[in-house]
Amino acid sequence: MLARAGVLALVVASASGASAQTGVPFIPTGSGARAAGMANAFIAISDDGTAASWNPSGLAQLRKPELSVVSTTVGDSSAAGGFRTRDELASFSTARASYRNTYLDFASLAVPVTLWGKPVTFQAAWRRLYSLDYREVVSITRDPLVPEAPPPVRFDGNGDTIGSVDLVSAAVAVRLTPRFALGASFNAWRGDWDEFSVVSATPLEAADVSRFESVSQTSRVRGDSFNLGLMLTYPRWSVGLLYQNAVSADFSTSQAVTSSDAPGAAAETEGTLRFPRAVGIGGAWRPAPRWTVALDLTWEDWTDTILDTPYTGRINLFDGLPPDRSSTRDTLSVNAGAERLFAGDGFIVPLRFGVAWEPQGARDPYTRDPVNFVLLAVGTGYNTNSLKFDAAFQYRWASFMTGADFGTVEYSPLLPSAVGERSTQQWRLKLSLILRVTDTDKLKRGVRKVFG
Amino acid sequence: MSRGALGRAGLATAALGLMLAAPAAAQDWHDAYHAGVAALARGDHARAAEALQRAITLRPEPGRNVLTYGTNVEPRYFPYLRLAEARLALGQLDAAREALERSASWGTREPAQERQVLLGRLEAAVAAKRPPPAPADTPPTPATVATPTPTPAAPAAVEPPASAPARAAPKAPPTSAPATIATTGARPPRTEAPGTRPGTTAPPASPSAPATGATPAPSHPPVPAPPEPAPPKAADTRAALVAFALLALIGAAVIAWIALRRAPPAAGAGAASPRAEGATDAGAPATPRTFLNPGARLDEQGQEWFGEYRLLQMLGRGGMASVFKAERRNELVALKRPLASLLDDQQFLDRFLREAEIGRTLNHPNIVRILERGNVSGVPYFTMQLVEGETLLAFLRREGPVEPRLAASVVVQIAEALDFAHGKGVVHRDLKPSNIMLLPDGSARVMDFGIARAERFETLTATSAFLGTPHYVAPEMIEGLGAEPRSDLYSLGVVLFELVTGQRPFVADTAFAVLKKHCLEEPPPPGRLRPGVPPELDAIVLQLLRKNVAERPANAEALVIALRDFIHRAA
C-alpha cells in the first residue's frame, strides 16, 4: 500500500512514506466489468458472480452456479508541477511518472442451493485488492529563482515494487423472503510486497558531489474482516446496504536504508495495521424493462486507518501523524451508473456508463487540499445465459496542492520546503468472463465422475 | 475470546437465526415458472398449475427472451400455455380456456401455433364431456336452475386483435363470471385445491388480483373474458349472429363449388370399382378407390395406370402423399403423388414439384435418388429409385436396439448424406426411421429429401392436429423458428438415440406433450437407459439433442468425424 504512490511521491516526499499516499485512489472497490462500467454503482444490483465483492447479499439472486474471472489493466500517470520553495528562492521542473500493470483481479465460484426451502448461495473467491507490481522512473530539477538561492540540482528516482494485497473470501447469502436477502462474507487478507528505490541528487554545477539514498523494504500484512449486506428487491427497484468492518491486521516490515550521508541502517518492526470500516447504501431503479439506473453512497472511515508499531507509535497511515493531528478525513463517495440492455436472439449486448465522485481520505497535512477523484466509466459486453463477457473502461483524475520536500533532507509534513500542484490520471480496463452453468445436471455428472 | 471475535460470532448467530426463522421460501417468477414446467414434465399437473399460476401472478407478461436477473433471460416464458396444458390435464376445462384466452390476449407474445393445438385439445375434451342432448320438452331440473349460467357475452375468441385494448385484457379481472353468479345468488367457493373442482380455478388477472381465489370462475360453460368489461348490447349480438350466418353461407357455397369442380373427369376413372380394389396385392395396403387417386385409370384387366406408369402396389401412404411401386417399360420405380385432398392447394403443389426438383440434384450413394417428375391430368408426381430393403423403422421394430458401433455405422452414413445435401442447401426437415432405408448389404439411404417441408407445419397450424410424427422434430421447428441444417442433426440424434436404446428420448401420451418435451426437457443419456452404451456415444447423442442449435455439432461433417472416431475406437 505504501508503495502505491510510486517513486514520484517518493521523490516529492523524500522517502518519508507519509504524504506519499496522497493522491492515490485508495477506495477498495469490488471487482467485475459490469460494475465498473456503471462507475462502481453496484451495491443494489450485485446479481452476478462478482457480487460478493460489492454486496454479498446480492449473491442470493443467483440461480445457477457461476464461475467468474476478472482481469484489470491499469495505467497511471502523475505529474508534479509548479513547485516552488516556500521561501520563493527556487522552483522545480515538472516531473512526470507513469506505469502500467495488468493482473488477474478476481476469481470466484458461486453455487446456489436450496436450504430450509430458501435459496442460498455460497461463494469462494480470490481477489487482488491492490496490485503492487510496477516500476517508475522520474527526474526533477531544482532551479534557482534568485542569485542567493541554492545551486541547481537534479533529483532522479527509480523505484520497483513487487507484490500485492489479496483477499481470500468465503461468502454466503440467503434469500429470506422473495424481497429480502441477507449476505455475509469473510475475508482473509494476505499482503506481501517488496520495494526497492533509489533517489539521487546530482548537482548541476561541478562544485558539488552527488548524494543518494536507497531504501529496500519488505512488508507483510495478515488480517481478516467480514462484510455484511442486505438487499431489498422489487420488480422496478432495489436497495442494498453494505457494512464492511475494519480490518485488524498484523503488520510487519523490515527496512534497509543506505545513504551517502549516513552509514547503512536496517530495522525491523511489527505491529498492527487497521484498515477502515465502510458503510454503503445503494439504490437501483428500472424505469423501463431494459434500463437500470443505480446510485451508491459509500462512507469510509479513513481517520481510523492506523498503523501502530513500536517504531512509529500510533499514527495515521496516510500522513504519518498521530490520529489527533492527522489531516486524513472520512469521505462519502457518490457513484452513479446506468445500464441499457440490447437483446438479440439468445444474447444480450449491454451498454453501460457512469460517473462517480470519489474523495480520498488522504490529504496533504500542510495544504489540507482535498483530493477528489472524478470518475467516468463506460462498458459493454456480450452476454448469453451461459457465458458473459464484459468490458469496462474507467478514467479518473484529480489534482490538488501539496507540500513537499526534495532530496534527502529531513522531512516535515507539517512544514514542507516546497509547495506545488500534483495531478493524477488513471485509467482501468476491466474484462470479466463469467461462465454460468445452465446445465447443472451436466455439472453433477462431472462431479460424480471426478469424485466417484 | 476477543470482543471482535465475540461480535462476529454474535452476528453470525443472529444471521443464522434469522435465516432459520424466516417463514416463507423466496421465489421469483422464473423460479415458479421453472418449477411449473418441471412439474408438468413429470406429470404432476396440480403442482404445475399452482406454480404456473404463481409465476403469472409475479409476472403476468409473457414473451421470449424475458430478463430474469442480471443479464440472464428466459428464452420462452409462456406461462399461460403451460397453465392451460396443466388445466387440461386436470380436466379443468373452463380454467384451461381462460388461460388460453389470456394467452391470446397477449397476441404473439405466446406462440399461436401452440395455442391453436391446445385449443384443439380443449375443444375435443369439451366435446367428449358434453352430455348427449336432452329431449326438448324435458323440464329443467332444480339443480339446473340453481347452477349459475353465465351469459354468452361474446364468442370465445382465442385470437384477439393485436390492439391496445386487447392487450389490456389481462389487467382486468374477469367480470362476467362474478356478475352471473351475483344474479343467481349461487357463489362458488373462493378457492379450491387444484384438481378437486374441475373448472372452478380462476387464474388471477393481474398482480393486483393474485392467485388466491379472490376472483371466482364459472363452474360450467366456458366464459370468455372480454377485453372490455362493458356489458354486451343485444344489437351487437344480433349483428354478430348475422355476420356469422353470412360467413357460414359463403363458406358452404365455396365448398360446394369446389366439390362440383372436382367431379370425376373421365368415365373410366369415375366410379369405384370392386374389381380395382380386388386387384391390390394381398398383404399390401389396399389401393384406395379411384376417386381418391385422381389421374389414374383402369385398363381392361382392371390394372391401375398413372400416365405411363403401371401401379403395382401401394408402398405407403402419409398425410400428404401416397407412394406406389410402379413400372414403366420394365423399369421399377417408386412413384409418389399428393393426396387428392391437396390438389387444390396450388402453394402445396408448387412446393411439391420444386422440392422434387431439388431432390433430383442430390446424387449421393446414401440418398434415394429422385428420377423424374411430371404431371398426369393435373396431378403432379415424381419417381424415385426403388430400393430393396426395409425401413429403419421396420428394422427397429423387428430387431430392437442394436450395438452402439452398429448404430454409429448406420448413422454415420446418414450424416454423410446430410452433409452432402446441406452442402447443396437442402435441408431434409423430416428425418425419421421411416425415411431411412436399410439395404441388405448394410448400407443406409435417406428418402424424401426436401419433401418434408411441404408436409410439415401446414398440418399443425391448419387442422390443429399434428399429422406427422412429433418424435423427431427439432425444438426450433416446433417453435416456428424454421429449420436449418442442424435441425436435421437433432432429428438424427433422436434416431441414434432410438437405435442404441430401442426407445425414443421423449415419450408422452399426446403428440403435443412430446413436442413440449422436445422444447423443455433434457433427454437422459442413452447409457442410463441401456447399460453398455459408451460415454463417448452418450456425449455425441446428447450434443445432437441440445435445445440450443448453436450447441449442436457445427455441421454434419463434424458429426461424421466424431462418429468415425467413435467407430474406430470401439473397434
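What share of the 571 residues of chain B count as buried? In this predicted model, the figure for chain B is 40%. Chain A can be described in the same terms: it has 452 residues, and buried ones make up 48% of them. The secondary structure of chain B comes to 22 helices and 12 strands, while that of chain A comes to three helices and 20 strands. Contacts that reach across the sequence can be described for each chain in turn. Among contacts in chain B between residues at least 6 apart in sequence, 66% link residues at least 24 apart. For chain A, with contacts again taken between residues at least 6 apart, 69% link residues at least 24 apart.

The crossing of helix 14 of chain B with helix 18 of chain B is right-handed. On the side of helix 14 of chain B, the contact is made by B:Pro404, B:Ala407, B:Val410, B:Val411, B:Ile414, B:Ala415, B:Leu418 and B:His422. Helix 18 of chain B contributes B:Pro485, B:Asp488, B:Leu492, B:Val495, B:Leu496, B:Leu499 and B:Val500. By class, the residues of this contact between helix 14 and helix 18 of chain B divide into 13 nonpolar, one polar and one charged.

With helix 5 of chain B (residues 93-105), the axes come within 8 Å and cross at roughly 165 degrees. Helix 4 and helix 5 of chain B are therefore roughly antiparallel to each other, and helix 4 of chain B passes helix 5 of chain B in a left-handed crossing. In this contact, B:Tyr80, B:Leu81, B:Leu83, B:Ala84, B:Arg87 and B:Leu88 of helix 4 of chain B meet B:Ala95, B:Ala96, B:Ala99, B:Leu100, B:Arg102 and B:Ser103 of helix 5 of chain B. The residues of the contact between helix 4 and helix 5 of chain B comprise nine nonpolar, one polar and two charged.

The other partner is helix 6 of chain B, residues 112-129. Here the axes of helix 4 and helix 6 of chain B come within 10 Å and cross at roughly 20 degrees, which makes helix 4 of chain B roughly parallel to helix 6 of chain B. Helix 4 of chain B passes helix 6 of chain B in a left-handed crossing. From helix 4 of chain B, the contact draws on B:Leu81, B:Ala84, B:Glu85 and B:Leu88. From helix 6 of chain B come B:Glu114, B:Arg115, B:Leu118, B:Arg121, B:Leu122 and B:Ala125. The contact of helix 4 with helix 6 of chain B has six nonpolar, no polar and four charged residues.

A few individual residues are also worth a look. A:Ala39 has a positive phi of about 55 degrees although it is not a glycine. A:Ala39 sits in the loop between helix 2 (33-37) and strand 1 (66-85) of chain A, and counts as buried because it has 31 C-beta neighbours inside 10 Å. B:Asn65, likewise not a glycine, has a positive phi of about 50 degrees. The place of B:Asn65 is in strand 1 of chain B, residues 63-67; with 16 other C-beta atoms within 10 Å, B:Asn65 is partly exposed.

Finally, B:Leu371 lies in strand 8 of chain B, which runs over residues 370-376. B:Leu371 counts as partly exposed because it has 16 C-beta neighbours inside 10 Å. Leaving aside neighbours within four places in sequence, B:Leu371 is in contact with B:Val333, B:Thr383, B:Met384 and B:Gln385. B:Leu371 and B:Met384 are 13 residues apart in sequence, and their C-alpha atoms are 5.2 Å apart in space.

Conventions. Residues are numbered from 1 along each chain as its sequence is written. Chains are lettered from A and ligands numbered from 1 in the order in which they are written. This is a predicted model: local features need pLDDT of at least 70, side-chain atom pairs count only at pLDDT 80 or more; totals for chains, interfaces and linings use all residues. Helices (H or I, at least four residues) and strands (E, at least two) are DSSP runs, numbered from the N terminus. A residue is buried if 20 or more other C-beta atoms lie within 10 Å of its own, exposed if 12 or fewer, and partly exposed in between; C-beta atoms are placed from the backbone. Two residues are in contact if their C-beta atoms, placed from the backbone, lie within 7 Å. Axes are lines fitted to C-alpha atoms, for helices over the stretch in contact, and angles run from 0 to 180 degrees between N-to-C directions. Angles under 35 degrees count as roughly parallel, over 145 as roughly antiparallel, 65 to 115 as roughly perpendicular and the rest as oblique. A crossing is left-handed if the near helix is turned anticlockwise from the far one by less than a right angle, and right-handed if clockwise. Ala, Val, Leu, Ile, Met, Phe, Trp, Tyr, Cys and Pro count as nonpolar, Asp, Glu, Lys and Arg as charged, and the others, Gly among them, as polar.
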